[in-house]
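Hi everyone, thanks for coming.

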Amino acid sequence: MALVFYNTLTKKKELFKQISSKMEVTMYNCGPTVYDYSHIGNFRSYMIADLLRRYLEIKGFKVKQVMNITDVGHMTFDEEADASGEDKIEKKAKEQKKDPYQIANFYTKTFFEDMKKLNMKRADVYPRATKHVKEMQELINKLMKKGYAYFANGWVYFSIERFKKYGKLSGNTIDKLKVGARLEAKADKKDPRDFALWAHDAAHIMQWDSPWGKGYPGWHIECSAMSMKYLGKTIDIHTGGEDNIFPHHECEIAQSEGATGKPFVKYWLHTRHLMINGKKMSKSLGNFYTLRDLVDKGYTPRAIRYLLLSAHYRTKLNLTEESLKAAEASVRRMQDFVNELKHVRQGKSSKKVDKLVNGVRKKFEEHMDDDLNTSLALGDIFYFMREVNKLLSKEHMSKANANSALKVIFHFDKVLGLDLEPKIWYSYRDAKGEIKQLIDARERFRKTKEWDKADSVREKLKKKGITVQDTEKGPRWIRST
Ligand code: AMP
Ligand code: ZN
């Protein structure tokens with residue numbers, strides 16, 4: 001079976017062939033601009049990056065993954081060719097009368113908390129823009145030397161007409177780019193469509209010294225500089241949401257390829273937007289939900305993860321109460337299925353189970369290989385569960401059958417990340433040695449209502465990585481680390 005991805009650059013599905021001669025893949029994901037909580041739409045994009053990583057790992061690749069944290073330079077008119085406006089982080093800092101770093105640090109922290117709740121694997125590096133200004137300045141210097149960039153009045157602009165392949169990703173070639181209302185023709189700019197690599201604004205709080213005077217970097221230059229620093233001049237995969245195609249990724253290509261003369265990215269993958277009532281979920285429209293909002297409404301991060309994975313990443317996905325409830329029910333069905341299989345003791349052995357296991361393994365891989373078609377791959381799993389459930393209800397299932405069904409589900413779960421492996425609770429009878437002594441001691445204190453002492457024993461057990469829970473049948477315990 002062959003892995004294919006739809007490449008935004010060539011506008012067709014292409015066979016995936018990594019650049020390295022080893023089984024190694026380099027991947028850069030456009031990450032959050034940390035001026036607010038990431039919303040569920042943002043997480044759809046990061047989820048696809050996580051899915052890609054997990055699937056490539058299952059296929060035997062070692063993935064070097066980098067996701068940037070944008071903490072300076074992302075402007076409010078980010079859909080315009082010149083990406084002008086106000087710096088989003090500074091705008092928020094001024095509104096809240098806080099330091100921009102305070103804003104960025106806070107929302108970086110919440111971003112990581114949410115990523116963890118959604119069970120996303122950690123990238124190898126999360127470079128922050130403000131920590132890479134030197135690398136950005138070096139890149140700008142290179143572009144100036146090569147004649148792709150020019151200095152004007154404290155600013156440095158990229159001259160798009162110098163880069164002949166401008167527009168190759170988005171189709172927004174220079175001849176098609178109309179000078180719109182927001183693309184104001186600044187006196188010092190050669191062309192209103194030129195975008196800033198280095199900005200000059202005395203009122204900007206975050207400032208750095210540079211060969212062009214005090215200022216701050218543009219948004220696009222950070223991704224070019226940080227991708228090159230950590231992954232090299234040409235990388236395998238670059239991802240982002242579809243709104244990143246233009247101008248952000250178009251500009252990244254112009255800067256990177258202008259500077260190195262080499263292709264920047266082999267495969268460009270873009271996630272379609274998460275929608276709400278037919279509109280793109282976005283902060284500027286104010287129609288967004290954060291993970292926290294949905295958790296407060298009673299949805300589990302696991303169901304939200306499932307929902308984001310349930311549609312193929314190149315189809316628009318609409319967020320509704322019904323779709324959330326359906327995701328919750330689907331995850332529960334998967335978990336119930338796993339739990340049922342765990343409890344199979346002995347039944348008649350069935351050859352059909354092996355056939356179903358082999359069939360679903362093949363189908364899942366076939367559909368995932370086809371540009372990560374999670375929608376069909378989940379369909380395969382649900383078909384498998386229905387058929388196995390029929391056998392389960394007739395007790396046509398041996399312990400060995402159940403184990404092979406479980407094995408294939410856990411294999412899929414390495415890709416889906418739904419954490420379906422049940423945590424094993426042990427009964428009191430399974431406790432031995434010091435654990436048994438501590439559980440006994442705690443029980444004695446509970447009987448004599450010496451709650452403080454009972455609690456301190458519980459704490460002792462916690463320190464040993466043991467969590468105790470009281471049930472009607474007595475205490476049970478789990479290894480939590
Ligand atoms: P930002 O924090 O605005 O820089 O966006 C972070 C990432 O989320 C980018 O890759 C965007 O393309 C992506 N994104 C923004 N809105 C959505 C949405 N509604 N659905 C999917 N991805 C989105
Ligand atoms: Zn980026």
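Let me start with a term we need: two rings of Phe, Tyr or Trp count as an aromatic pair if their centres lie within 6.5 Å. Keep in mind that this is a predicted model.

A pair of aromatic rings is described by the distance of the centres and the angle of the planes. Take Phe 5 and Tyr 267: their ring centres are 6.4 Å apart and the planes stand at 75°, so we call this pair edge-to-face. The cut-off for that label is an angle over 60 degrees. What I like here is where the partners come from. Phe 5 is in strand E1, residues 4–7, while Tyr 267 is in strand E10, residues 265–271. The two are 262 residues apart, and the pair links distant parts of the chain.

Now please turn to ligand 1. The space that ligand 1 takes is the largest pocket. Around the ligand are 19 residues, and the closest are Thr 33, Ser 45, Asp 243, Asn 244 and Leu 274. What kinds of residues make up this shell? They divide into 11 polar, five nonpolar and three charged. Which element gives the most to the shell? That is H1, with four residues. Helix H1 (40–58) and strand E9 (235–241) each supply at least two.

Let's zoom in on some polar contacts. An oxygen atom of ligand 1 is 2.3 Å from an N or O atom in the side chain of Asp 243. At Gly 241, a polar backbone atom is 3.1 Å from an oxygen atom of the ligand. Met 281 also uses its backbone: one of its N or O atoms there lies 2.9 Å from a nitrogen atom of ligand 1. Taken alone, ligand 1 exposes 500 Å², and the protein buries 95% of that.

Two backbone details to finish. Phe 246 and Pro 247 are joined by a cis peptide bond, with omega at about 0°, and Pro 247 lies in helix H6, residues 245–260. Then look at Asn 277, in the loop between strand E11 (274–276) and strand E12 (279–280). Its phi is near 50°, a positive value in a residue other than glycine.

Key: Residues numbered from 1 in each chain as written. Chains lettered and ligands numbered in written order. Predicted model: local features only at pLDDT ≥ 70, side-chain atom pairs only at ≥ 80, totals over all residues. Heavy atoms only, no water. Near = heavy atom within 4 Å. Polar contact = N/O pair within 3.5 Å; in protein donor to acceptor, adjacent residues only side chain to side chain. Areas by Shrake-Rupley, 256 points an atom, 1.4 Å probe, with all protein chains shown as cover. 1 Å grid on protein atoms, 1.4 Å probe; cavity = no way out; pocket = protein on both sides within 12 Å on 5 of 7 lines; lining within 4 Å. Sits in = over half its atoms within 2 Å of the grid points. Nonpolar A, V, L, I, M, F, W, Y, C, P; charged D, E, K, R; others polar. Phe/Tyr/Trp six-rings, centres within 6.5 Å; stacked < 30°, edge-to-face > 60°.
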